[in-house]
Amino acid sequence: MFKAIVIEKQDDAQRVTIQSLDESRLPEGDVTVRVECSTLNYKDALAITGKGPVVRQFPMVPGIDLAGTVEASSADEFKPGDSVLLNGWGVGEGHWGGLAEKARLRSDWLIPLPSAFTASQAMAIGTAGYTAMLAVMALERQGLEPDHGEVLVTGASGGVGSYAIALLARLGYRVIAATGRPEEEAYLKGLGAQAILDRSELAEPGRPLAKERWAGAIDSVGSHTLANVLAGTRYGGCVAACGLAQGMDLPATVAPFILRGVTLAGIDSVMRPRADRLEAWRRLGELLDRAQLDTITRTIGLDEAIDTAEALLAGRVRGRVVVSMT
Ligand code: NDP
């Protein structure tokens with residue numbers, strides 16, 4: 001038997017409980033993993049609260065990230081005792097996920113746990129940190145360098161935002177953190193932000209082009225915020241779009257693209273090919289300060305995850321939450 005968060009749906013009503021399940025109920029897969037830690041991402045919070053159409057079949061065990069130890073494997077690449085990591089691939093959406101003591105998965109979704117991190121540290125980073133790394137890599141691919149000017153990070157106190165600030169600052173960029181939580185100024189500056197911008201300055205409909213302010217940006221907010229971020233991007237700059245915390249819409253014009261040569265780079269972490277994942281995790285290992293992971297992260301038990309999902313969507317969670325199974 002193993003414990004898991006289970007999302008069920010009956011007559012359009014969603015019910016979320018912690019249940020003890022028999023191992024025979026695990027889905028198909030060639031690797032069975034004893035989960036040590038999972039985490040709560042924005043997407044997990046949407047799944048648990050039912051506030052977004054994340055879950056594609058019921059019953060579902062949520063959890064798009066997990067780290068743990070292989071218990072059984074019929075795949076050549078993994079053997080019992082191996083430490084493994086999973087991010088995305090639709091796990092926790094269409095296949096039972098990581099908010100459970102056990103998971104059965106496809107071996108091609110797994111990567112070895114990077115030697116730089118423990119299972120708990122890998123979950124402190126999770127999809128949020130790995131996505132922030134992918135966004136930084138996208139800006140670099142467009143040729144962004146620290147001496148080109150400031151880089152804006154929106155949704156700054158959130159998971160993606162916190163890691164985006166830490167990574168950019170470590171690489172020598174001057175970071176502006178856009179936040180709705182002025183009380184987190186010390187936290188954001190501790191991560192390496194040089195300046196704070198009130199997110200309300202970006203949240204309302206704006207002009208097609210605004211004063212050129214930042215050479216690059218990592219946006220996890222979308223909607224009017226992303227439109228205003230694009231409008232304020234300097235000539236030849238690049239904006240990496242990875243989220244929709246304000247909304248899925250993009251009420252923008254083409255002006256920044258055709259008059260300032262601005263690039264909008266889309267970031268998807270879920271279906272990202274294996275080589276990019278390995279490279280992102282290698283760079284995370286190289287760049288992240290382990291002590292900073294503790295500043296960004298809080299650890300909870302599986303029994304606290306359901307309530308914490310509500311708090312996360314309400315903007316009451318700073319940084320990241322690790323869910324420990326022990
Ligand atoms: P968090 O909830 O941890 O952070 C989101 C942050 O956005 C909040 O902390 C808040 O920051 C800000 N925010 C929240 N609501 C609003 C609003 N209405 N208007 C403006 N800002 C707002 O989530 P994550 O960091 O885990 O994820 C952020 C986004 O990125 C989500 O939309 C998520 O779905 C997406 N994502 C996408 C991935 C991909 O593969 N493309 C992977 C991972 C995440 P503050 O309080 O500082 O203002």
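Arg260 is buried, at a relative accessible area of 11%. Buried means under 20% relative accessible area, exposed over 50%, and partly exposed in between (1.4 Å probe, protein chains only). The model is predicted: local features need pLDDT of at least 70, side-chain atom pairs count only at pLDDT 80 or more, and totals for chains, interfaces and linings use all residues. Residues are numbered from 1 along each chain as its sequence is written, and side-chain values use heavy atoms, with hydrogens and water left out.

The side chain of Arg260 meets that of Glu212 in a salt bridge of 3.7 Å, N to O. A salt bridge here is a side-chain nitrogen of Lys or Arg within 4 Å of a carboxyl oxygen of Asp or Glu. Arg260 sits in helix α7 (residues 255-260) and Glu212 in the loop between α5 (200-203) and β11 (214-219), so the pair ties together parts 48 residues apart in sequence. Helices (H or I, at least four residues) and strands (E, at least two) are DSSP runs, numbered from the N terminus. Glu212 counts as partly exposed, at 38% relative accessibility.

## Other salt bridges

The count comes to 18 salt bridges. One of them joins Arg104 and Glu23, at 4.0 Å, N to O. Arg104 is in strand β6, Glu23 in the loop between β2 (13-21) and β3 (31-39), and the two are 81 residues apart. Glu23 is partly exposed, at 31% relative accessibility. Shared partners join Glu23, Glu71, Lys102 and Arg104 into one network of salt bridges.

Lys51 and Glu310 also pair, at 3.3 Å, N to O. Lys51 lies in the loop between α1 and β4, and Glu310 in helix α10 (residues 305-313), so this bridge ties together parts 259 residues apart in sequence. Lys51 is exposed, at 57%. Glu310 is partly exposed, at 38%.

The domain assignment gives domain 1 (2-113 + 291-324) and domain 2 (127-266). Such bounds come from an automatic or database domain assignment.

Between the domains the count is 1 salt bridge. Arg318 forms a salt bridge with Glu184, with the closest N and O atoms 3.1 Å apart.

## Arg320

Arg320 is found in strand β15 (residues 320-324). Arg320 counts as buried, at 2% relative accessibility. A polar atom of its side chain lies 2.8 Å from the backbone oxygen of Ala124.

Most residues other than glycine have a negative phi, and most peptide bonds are trans. The peptide bond from Phe58 to Pro59 is cis, with omega near -5°. Pro59 is in the loop between α1 (42-49) and β4 (65-73).

Trp89 has a positive phi of about 60° although it is not a glycine. Trp89 is in the loop between β5 (83-87) and β6 (102-105). Ser223 has a positive phi of about 50°. Ser223 is in helix α6 (residues 223-231) and is buried, at 4% relative accessibility.

Key
A polar contact is a pair of N or O atoms within 3.5 Å; within protein, one must be able to donate a hydrogen and the other to accept it, and residues adjacent in sequence count only if both atoms are side-chain atoms.
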